Amino acid sequence: MTVRIDDTDRKILGELQRDASQSLDEIAAQVGSSKTPVWNRIRKMRDAGVIGQQTVVLDADALGFEACFFVLIRTSEHEAEWQAAFLQALRDRPEVQEAHRLAGDIDYILKVRVKNARAYDAFYQALISEVRVHNVTALLSMEEIKSTTMLPLVL
């Protein structure tokens with residue numbers, strides 16, 4: 001289903017990205033509309049898949065997840081069976097916040113959030129015991145400079 005997004009929809013999406021816990025009344029006031037049309041637009045965008053899962057952003061440091069690793073993976077395996085096992089292994093590990101298949105010399109990059117280096121090693125050992133990889137390089141993030149889930153909606 002394709003949905004046309006107009007300026008009001010973009011304003012609504014911007015407000016939802018900024019703070020999805022706002023009431024419909026608050027969003028409507030911010031976008032210059034009333035509650036019912038805003039609700040109808042949100043419902044339309046949900047039905048079309050423009051708006052996905054709503055969640056809350058937790059503070060990893062406050063919860064003790066102080067180490068963020070970017071894990072570069074090269075593999076010599078490209079068969080469907082290996083790929084299915086690898087993808088399942090990633091899905092089964094809550095430490096993996098993001099996983100991307102890449103073009104170029106590196107096949108995959110993972111964003112892994114753990115409590116410390118020991119916890120990363122446990123993650124690494126579990127992963128390589130389950131799936132065969134050619135080379136793994138782990139890069140420790142020293143400082144998170146920017147992190148957002150917000151898309152740049154042009155108004």
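The structure is a predicted model. Strand S1, covering residues 67–74, pairs in antiparallel fashion with S3 through seven bridges and with S4 through six bridges. The largest pocket has a volume of about 1500 Å³, and H1 gives the largest share of its lining, namely four residues.

**Strand S1 and its partners**

- Strand S1 is mostly covered, since six of its eight residues are buried.
- Seven bridges connect S1 with S3, and the two strands run antiparallel; among the paired residues, Ala 67 has Val 114 of S3 as its bridge partner, and Phe 70 has Lys 111 of S3.
- Strand S4, which spans residues 135–140, is joined to S1 by six bridges in an antiparallel arrangement, and one of the pairs there puts Ile 73 together with Val 136 of S4.
- Strand S3 is largely enclosed by the rest of the structure, because six of its seven residues are buried.

**Val 71 within S1**

- Val 71 is a residue of strand S1, and it counts as buried because its relative accessible area is 1%, where the cut-off for buried is under 20%.
- Once the neighbours within four places in sequence are set aside, Val 71 is in contact with Tyr 108, Ile 109, Leu 110, Val 112, Tyr 120, Val 136, Thr 137 and Ala 138.

- Strand S2 (residues 96–101) and strand S3 (residues 108–114) run antiparallel and are joined by five bridges.
- Arg 101 stands opposite Tyr 108 in S3, while Glu 98 stands opposite Lys 111 in S3; Lys 111 is also the bridge partner of Phe 70.
- Six residues lie between the two strands of this hairpin, in which Gly 104 takes a positive phi near 115°.

- Glu 15 belongs to helix H1, which covers residues 7–18, and it counts as buried because its relative accessibility is 12%.
- The side chain of Glu 15 forms a polar contact with the side chain of Arg 18, at 2.7 Å.
- Beyond its neighbours within four places in sequence, Glu 15 is in contact with Ala 20, Gln 22, Ile 27, Gln 30 and Val 31.
- Gln 22 is found in the loop between H1 and helix H2, the latter covering residues 24–31, and with a relative accessibility of 11% it too counts as buried.
- The side chain of Gln 22 makes a polar contact with the side chain of Arg 18 at 3.3 Å, and Arg 18 is also the polar partner of Glu 15.
- A polar atom of the Gln 22 side chain lies 3.1 Å from the backbone oxygen of Asp 19.
- With neighbours within four places in sequence left aside, the contacts of Gln 22 are Glu 15, Ile 27 and Gln 30.

**The largest pocket**

- The volume of the largest pocket is about 1500 Å³, and 41 residues line it, of which Thr 55, Val 56, Val 57, Thr 148 and Thr 149 are the closest to its centre.
- At least two lining residues come from each of H1, S1, S2 and S3, and the share of H1, four residues, is the largest.
- By residue type, the lining is made up of 19 nonpolar, 10 polar and 12 charged residues.

**Near the start of the chain**

- Thr 2 lies in the segment before H1, and it is exposed, because its relative accessible area of 80% is to be set against a cut-off of over 50%.
- Thr 2 and Pro 152 are 150 residues apart in sequence, and their C-alpha atoms are 20 Å apart in space.

Conventions: Residues numbered from 1 in each chain as written. Predicted model: local features only at pLDDT ≥ 70, side-chain atom pairs only at ≥ 80, totals over all residues. Heavy atoms only, no water. Buried < 20%, exposed > 50% of the residue type's maximum accessible area, 1.4 Å probe, protein only. Polar contact = N/O pair within 3.5 Å; in protein donor to acceptor, adjacent residues only side chain to side chain. Contact = heavy atoms within 4.5 Å. Pairing = 2+ DSSP bridges. 1 Å grid on protein atoms, 1.4 Å probe; cavity = no way out; pocket = protein on both sides within 12 Å on 5 of 7 lines; lining within 4 Å. Points joined across faces, edges and corners; volume = space filled by probe spheres on them. Nonpolar A, V, L, I, M, F, W, Y, C, P; charged D, E, K, R; others polar.
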